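Okay, thanks for coming, everyone.

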Amino acid sequence: MHYNQKPSEWNLDELMTWLDLGFIPDTDNTDVENYCSLMGVYDVISMFRGIIPIVHGPLGCVSSYYSTRIATRLKEVIKPIPFCTCMDNMDVVFGAIERLENMIVEVDSLYHPKAICILTTCVAEMITEDVETIKNRLKDRVGADIIYIKSAGISCKGFREGTDDAFKTLIDYIDMKTEAPKVKKNSVNLFLRRVNGKSVDSKMLAEIEKLLNLNGITLNTVVRVGMSYEELLKIPDAEGNISLCYTYGKEAMKYLEQKFEQKFLIGSYPIGLSGTFEWVDDICNMLGVQNKFAFSEEYKQMQEKTAFLKDVIQRHCQVKRLFIWQPGEKGLAFVKVAEDLGLEPVLIGFTYYLLRTTRETIIKMIQSGRNAKAIIRGHSKLWEEYEEEYEFKERPLLVMPKKFWVGNLPCINIDFFRDNIIGLGGLELLHNQIVEMYGGEDTKDISLFDRYFERRYEKVNWCEKIENIEEQ
Amino acid sequence: MNINDYVIKILSNRSSMYGASLVASEFDDSSIIIWGPRGCTSQVIEAMNVQRQQFDYYHFPVNEADILTNGISTLKKNIVPMVQGYINKGPMFLFLGDSTQLVSENVEGLLDGNVSHEFPLVFVSTGFQDNEYDGINETLFSIVKRFCKEKTKKSGNLMINVIPDVGLSPHWKGDVEEIVRILNRLGIQVNVFPKRMEIKHLRQLPNADATLLLNPSIGMKAAKYLESNFGVNVIVPSCIPIGIDGTKKWLNWLQGELEIEQEIIDKLIQDEEEKFFVSMRPGLREENYNLRVNQIKEKKFLVCDEDFKAAQLCRFLVKEIGFSSGYVYSTINTEKHNILVDIEKVKHLKETKELLEVLKEEDVVVILASDWIRELTDKELQIIHTGGPTVKKITLVSRPFWGFQGALYLLEEILNCIAY
């Protein structure tokens, strides 16, 4: 366990040098998404209305992943049914290819999908199940197209590589189905993010559409949970591709550039004033459109809100640093928020693997002069140390997801599945949280603010207090 | 099997590695090593979520080369330093994934030669072929085999080991606490295996007078090992203490098995029954209660659980609460306890299509099941979460559904369902 060591602070450029020299143990199992490629492929293929995945393998490969990740998506958007051949001991000896064949025929006749995607697991691949023959044999018997993806975990490909493979296979399929793309000027496809199908999606999309429409840019399609088969086939019609989370969409966007010569954007999450401005500006540059965002009413509102927040923080609190917990693409975007608020950003709890996955975004940040401090540690015990350390010093401000935080430091708590953090709506959320924490402009009575601090942050030994009362 | 059977199988079953992880995560300061491809972690992660444990597992990824050539040397390279540096108080579990099991890696041979017999390593071969019940049973057995070496002393008081159905329902911890409370009231000392046990507690298991299984499908192999090696009798229940009558029946059965004085049992039942009715009144005013109970007669229920538990729940609903009719669907057939047919007014849904029809066509008001059943229909369902595994809602409930207090909570939940 690393939490016994004291944390050390580094700069992003130092970490990148060490990463390139191979000094950082960024092994696959330090990834927060520590699943195999099957789950990555399944995650993507189960997103679309009209495409049904069938897993050829044991039950355990689907049941736990389905219940924790797929079934938690909004039911209104899509309700994928888990199909699996549930291979057992006997199947390892005799194979279960007939069952797979029957399942494909049955799924086709019951649900009439446009495409059925067969995903193979370790067991199926180890006993060399002949899926290709089944695929060819069923070509004329079923109405759906059959797509086959080798996705066994023993390939040593991880969850993220599985996602990339699934997108590439789908892009090949789209290419096969498309005769000549009808490219719409100033339109983009948007890849949302890895965990989507949540209630916040529609709020974020509305915000993105507003930002793009200001410059006459339209959304061609949105690659997300609930996307239809027909929409998927429209992907080549866009002029470019953007991804809300760059690491999620980057390989797909690069492959689309190869296949359909579509441009793509390195950048993610328009959070905060400068973050949103730069994101819009980058898209405009990519498409060769003039950026009118800086002259818009929305931008003025964001400027006012940011100035207000900066003022609240400077006048009411002794905060100098903004600690950003487990910075993936979202966390890195918060570096710009820290700058907007006049705070020093510190990226904390950077897992080794995250450094590798967000490499391109970090390099872009360093190039733009945002060489933030980073602490590579991945355990919650760290916060307890920080809490002790900061008992008599300045209080840091934290940004972290709601489900993780159990301590009592002032914290911008975000539920990334419900709270919109991007654009003007996101700034509104930050505004409410910071004002709630530190008191607002209209909270003239500072004693109230002090009492709030006393109650909330002072450590109280209740057992001792009760004992004293009992003694008295 | 048709396609719906497979879908329900996926929703209502888990792998043996999931079951093994449910047990492993019950030990404080333990750790899990997974020897298999990265996807195996999904089962461990889900089980740890269900048990509300912080993720603490190591994973050695297995690749094609390991499978084809010499994976065991990779395991050796990783496990030896890990064993040397292990400072945790709890056991270290080593789970085998499907592909490593498939190529029959000689892990036991490796461990024999490289890991000291004193080291608290528990090896469980959790492959793909079984469900979570087998995983739990195998792990419990491996633990007992690993740590129970001798019968050290015989305590004066009656002491029994209780094996609960670890992690198989959200309220299992509450259920065990209620059972322990009842047994303590009878003057019985209880070891709950494996609830929050340390290694030193595990070594005490052979000292008990008997091992009581709360669910006959869970813990038999471990209990038999204790019986054959240390003479600890196995007590297998004929019923589960669900409802007031069910608990009374269970207590009377226990009286016969453990030769407890009938007077003590009668006194306990009288006390607890009184407490039950006294506690019920403030929560449910009599007129309100009567109104809702009258409504029950016209409503239908659906029970969807493993057959042994499902039978007891149906009996509670029909004979104790007064439902006039209902349906039962058994998710796991333990085969030995085919008692569903005994209950009149309850239709046993043997086919998956019958279950789907009931969900689609019938106006079922009370559903005692796990939330995976929601995945089968677009209707909004009122579910009382009595079984497992869970989908979406990953949480443990401290309120019991078994025993006298459990009867109260279960009744409250059912009447609340009627009210809505």
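**A walk through the model**

Let's start with Ala124(A), which sits in helix 6 of chain A, the stretch covering residues 122–126. One thing to keep in mind as we go: this is a predicted model. So, is Ala124(A) buried or exposed? Ala124(A) has a relative accessible area of 1%, and the cut-off for buried is under 20%, so it counts as buried. What does Ala124(A) touch, if we skip the neighbours within four places in sequence? The contacts are His56(A), Met87(A) and Glu129(A). And if you click on Ile97(A), you'll find it 27 residues from Ala124(A) in sequence, with a C-alpha to C-alpha distance of 9.1 Å.

If you take the contacts in chain A with a separation of 6 or more, 76% of them join residues 24 or more positions apart.

Next stop, Ser46(A). You'll find Ser46(A) in the loop that runs between helix 2 (37–45) and strand 2 (51–56) of chain A. Ser46(A) is buried too, with a relative accessible area of 1%. Where does its side chain go? A polar atom of the Ser46(A) side chain lies 2.6 Å from the backbone oxygen of Tyr42(A), and the side chain also reaches the backbone oxygen of Asp43(A), at 3.4 Å. Beyond four places in sequence, Ser46(A) touches Pro53(A), Ile70(A), Arg73(A), Ile78(A) and Pro80(A).

There's another serine to look at, over in chain B. Ser370(B) is in the loop between strand 12 (364–369) and strand 13 (383–385). Its relative accessibility is 1%, so Ser370(B) counts as buried. The side chain reaches the backbone oxygen of Pro389(B) at 2.4 Å. Pro389(B) is also among the residues Ser370(B) touches, leaving out those up to four places away in sequence, and the list includes Cys304(B), His385(B) and Thr390(B) as well.

Back to chain A for helix 14, residues 329–340. How many of its 12 residues are buried? It's 10, so call this helix mostly covered. Among the buried ones are Phe334(A) and Val337(A), but also Glu329(A), Lys336(A) and Asp340(A). Just after this helix, Gly342(A) takes a positive phi of about 75°.

Now, helix packing. Two packed helices are described by the angle between their axes and the distance between the axes. On the chain A side, the contact includes Arg99(A), Met103(A) and Glu106(A), and on the chain B side we have Ile3(B), Asn4(B) and Tyr6(B).

Last pair, within chain B. The axes of helix 9 (172–185) and helix 12 (243–258) come within 13 Å and cross at roughly 50°. That makes helix 9 of chain B oblique to helix 12 of chain B, and the crossing is right-handed. Ile179(B), Ile182(B) and Leu183(B) meet Thr247(B), Trp250(B), Leu251(B) and Leu254(B) here. The class count is 6 nonpolar, 1 polar and no charged residues.

Note on methods
Residues are numbered from 1 along each chain as its sequence is written. Chains are lettered from A and ligands numbered from 1 in the order in which they are written. This is a predicted model: local features need pLDDT of at least 70, side-chain atom pairs count only at pLDDT 80 or more; totals for chains, interfaces and linings use all residues. Side-chain values use heavy atoms; hydrogens and water are left out. Axes are lines fitted to C-alpha atoms, for helices over the stretch in contact, and angles run from 0 to 180 degrees between N-to-C directions. Helices (H or I, at least four residues) and strands (E, at least two) are DSSP runs, numbered from the N terminus. Angles under 35 degrees count as roughly parallel, over 145 as roughly antiparallel, 65 to 115 as roughly perpendicular and the rest as oblique. A crossing is left-handed if the near helix is turned anticlockwise from the far one by less than a right angle, and right-handed if clockwise. Contact means heavy atoms within 4.5 Å. Ala, Val, Leu, Ile, Met, Phe, Trp, Tyr, Cys and Pro count as nonpolar, Asp, Glu, Lys and Arg as charged, and the others, Gly among them, as polar. Buried means under 20% relative accessible area, exposed over 50%, partly exposed in between (1.4 Å probe, protein chains only). A polar contact is a pair of N or O atoms within 3.5 Å; within protein, one must be able to donate a hydrogen and the other to accept it, and residues adjacent in sequence count only if both atoms are side-chain atoms.
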